Amino acid sequence: MSLGAPSDAVVAEGISKRFDSVTAVSKLSLSIRQGALFGLLGPNGAGKSTTLRMIMRVLVPDEGRLRVFGQPLTSSVQNMIGYLPEERGLYPRMKVMEVLVFLASLKGVPESEARQRGRVWLDRLEIGAWAERKVIDLSKGMQQKVQFIAAVLHRPQLLILDEPFAGLDPINAAIIKDIMLEMHDRGTTIILSSHRMEQVEMMCDSICLINAGQKVLDGELQTIKRQYGKNTVRIEYCGDESFLDQPAIIERINRHGALVEAKLRTGADPQEILKAAVERGVRIRRFELVEPPLNDIFIEKVSEGHA
Amino acid sequence: MPKLWFVIKREYLTRVFTKGFIISTVAIPAFIIGIIAFQFFVAEKQPARTQTIAIVDEAGQLGNLIESLLTKQKLPDGKPAFAVVQIQEQPRDPQELRAHLTTLTRAHRLSGYLWIPRGILAGEKPQFVVRNPGAFMTLETINHAVTNAVIARLLQSKGVSVQNLSTLLHNADVRLIHLTSKGESEEKGQIYAVAIGMATILYGSLLMYGITTMRSVLEEKTTRIMEILISSIQPFELLAGKILGVAAVGLTQFLIWAVSAGLLAAYGLSMARTMRPSDSGFNVHLPPVLLAFGVVYFIGGYFLFASMYAAIGSAVSSEQDAQQLQMPVTLLLVASFFLFSIVMSDPNSPVSIALSMIPFFSPILMVMRIALQTPPLWQIALSLVLLALTTLGVTYASARIYRVGVLMYGKRPSFIELLRWLRYS
C-alpha cells in the first residue's frame, strides 16, 4: 500500500531511526505534495532534524521506505534538493565565492554558471562586496546568508530548511522569508522545520507535528484548524485583567503582553467575556474569534496522547 | 564531470597554494640535510679528545706493548688518541689497585683503565673500565691493540722474534667493493646514505600526509560543513576525493624535490668536474628504478595509512581526541622507522625478509632493501600484492567507520566502538 499520490514530492512510509538505545524517529509516515510549503514542527529533540536528514540521505532509515519525486534517493535526486542544515558550517579559510562554486559543483552546476548565479545572490543579500573574502572574515549573520545561498544556488526543486530563522536578526529573517515565499510561488517544494510554531504557522500551507519521534498530526493547515473550529478569542486590551478570571468560560489563557489568547470551554459564549470587560471599564482594542494557534493544538494533542 | 573530481580539485588547490605547503617544501629537505650534516659533523668531531688511561697487566709483558700500539693512534687533528699515564704489570694487590683506579676514574682524573687479566693468553677477557659509556666508539682501537699485543706475545713464546712489530702487525685495511648493475664501486657508506635518506623521506611524508588527511576530515566535521557535503555526495566518494587530493599534493611536493635535487646534482657534478677532473669523489648511485619503487611504495603506503588516519579524523570531534586515537596508527609508522636498523645490518636475513613483507612496514623497509641490495623480484611482487590487499581491506573498513563517524559528535569513541561501527548498515 502506498500512501502518497504520484505527484508528491516526498513520501515516507514508516521510517524509523535509532541511535544506540534512543529512538529518534519511530515509524513516521508522511507525504508532502509538490509545491507545498510544508512545516515540520515539534519541540526540541522531537526528531525533526533526524527526519530531514533521512530525506536528504544524510542518514539511512533503519526501516521504512522513502521516495523523493517518486524515486529512491539516488545521486541525481540529491542534485534536485537544496539543504540548509541546522548546524551551519562552511570552509572558514576558503573565499566565499569559491565555497559557493564548490558546493554548487557537487550539485552538478558548471563553474561559470555557479559564479554568475552566486554573484546575483550575493548582491541580492547585500554581501556582494564579500565575495572574494575568506569565510572566516564574515560575521555570523553573513555566513548564514552564504549558507542559504549554497542551499538554493543550484535551483533545487525541493528545498529543505532546518530551523532557517535560528540566529537571524528580524531584518535578515524577513529577507530569507521573502525569498522562500518567492520560491514557493515559483513552484519549489519547501520543507522547513521549527520548534517555534507561531513563527511558521503563518507561512506554511501544510504541516506535520511530531513529538518524541512520532507523528502527532499532519495535513493541510486550514483543514486541521477548521477541525478545531473558532474556539479561541484573541483580545488586545488596556486595563485590569480580572475580567479574564472566568474559569466557567475560559479553559486556558496564553498571554503575550497586552495580547491574550483565551481558549473557550465547549459551548461557552465569548460575549460573556466582552461583557465582563466592559463592566470593569477595560478598554478593548481588539476582540476576535479565531482558530486555535498551532501551539495549543499541539499541546492538546500531546496531552491527549498522555491521558 | 564526476563529483569526486571536484573534491580532489578543492583539496588540492586549497593545500598547494598555501604558505604551509611552500614552507614544508623548503623546510623538510633542509631539515633532513641538516640532520645528516649534523651526524657527519658529530662523527668527525666526537672522539677528538685525548683519553687519559691506565693499563694494569696481570699477565705481564703486555702493558708496554699495548701502550706503544695505542699511543701510535692519532686523532684527526694530529694529537695522540691515548695518553697512558700508568702501567702496572703483575700488581701485588689487584683488588686495592682496582679500587684506587676506580676512584681516580670517578674523580675525572682518568678517562678509564684497561685491565688485562692473568689468563688472557688462555682466552680470559680483558676489560676497559670507563665512566663515559660513549667510550665504545674507541673500543675497536683498544681491542685491536690488545689483540695485536697478545699475538706478539704468543709468537714470542713460539720463538718468533718480534723486533719489528709494526711490519709484522700492519693493518690490511680491507676495502668494501659493492657490485652494482654497472660494475663495481667502492662503498664508503653512500648506499647506506641513500637507503636511510629514502626511508626517512618515506617515513616523514607518510606521517605528514597521513596526519594532513586526518586534519582535513576533522576540519570538515568541526566546521560542520560535513552535513552539507554528505547531502550532495556519497561518503565514500568524499573520502576517496580527500585521500586522492592529498596524495596529489604529496606527489607535487615529491616532484618539486626530485626536480630540484636533480638540478642541484647536475650542477654539483659539473662543478666537481671543473674543479677536480680526476677525482670521481663520493659517487652517489641513485638509479631511477629505486626512485620508481619509492613512488610506488609511497602511494601504497599512503593509501593504507591515510585511510586509517581519515577514519580516525571522522570518528572524533576535536584535535585532542584525534591526538589520542591516532597513537596506534602513528606507532605502526614509528615502528618501521625503528626496525630499519635490522634491515640495514642484513637486508636478506629471514627477519628482514619477513619484516619487509608486512604491509604496514613494507613501504619503508622494502624500499630500504631495494636500495641496499635488490631482493628477488618475487619478494617485491609479493610485498606489493600484500600491501595492495591490505590497503583495499583497510580502506573498506575505514570507509565504513568514516560513514558512521562523520555525523557523530561528542565523546571520543573507543576502539571497540569503532569496530562496532564497521557492522552498521
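Is the crossing of α3(A) and α5(A) left-handed or right-handed?

## About the model

This is a predicted model, in which local features need pLDDT of at least 70 and side-chain atom pairs count only at pLDDT 80 or more, while totals for chains, interfaces and linings use all residues. Residues are numbered from 1 along each chain as its sequence is written, and chains are lettered from A and ligands numbered from 1 in the order in which they are written.

## Two helices of chain A

Helix α3 (residues 96-105) and helix α5 (residues 140-152) of chain A have axes that come within 9 Å and cross at roughly 25°; axes here are lines fitted to C-alpha atoms over the stretch in contact, with angles from 0 to 180 degrees between N-to-C directions. The two helices are therefore roughly parallel, a term for angles under 35 degrees. Their crossing is right-handed, meaning that the near helix is turned clockwise from the far one by less than a right angle.

On the α3(A) side, V96(A), V99(A), L100(A) and L103(A) meet V146(A), I149(A) and A150(A) of α5(A), where contact requires C-beta atoms, placed from the backbone, to lie within 7 Å. By class, this contact has seven nonpolar, no polar and no charged residues, with Ala, Val, Leu, Ile, Met, Phe, Trp, Tyr, Cys and Pro counted as nonpolar, Asp, Glu, Lys and Arg as charged, and the others, Gly among them, as polar.

## Chain B as a whole

Chain B contains 16 helices and six strands, which are DSSP runs (H or I, at least four residues, for helices; E, at least two, for strands) numbered from the N terminus. Among its contacts with a separation of 6 or more, 74% join residues 24 or more positions apart.

Definitions and conventions
Parallel < 35°, antiparallel > 145°, perpendicular 65-115°, else oblique. Contact = placed C-beta atoms within 7 Å.
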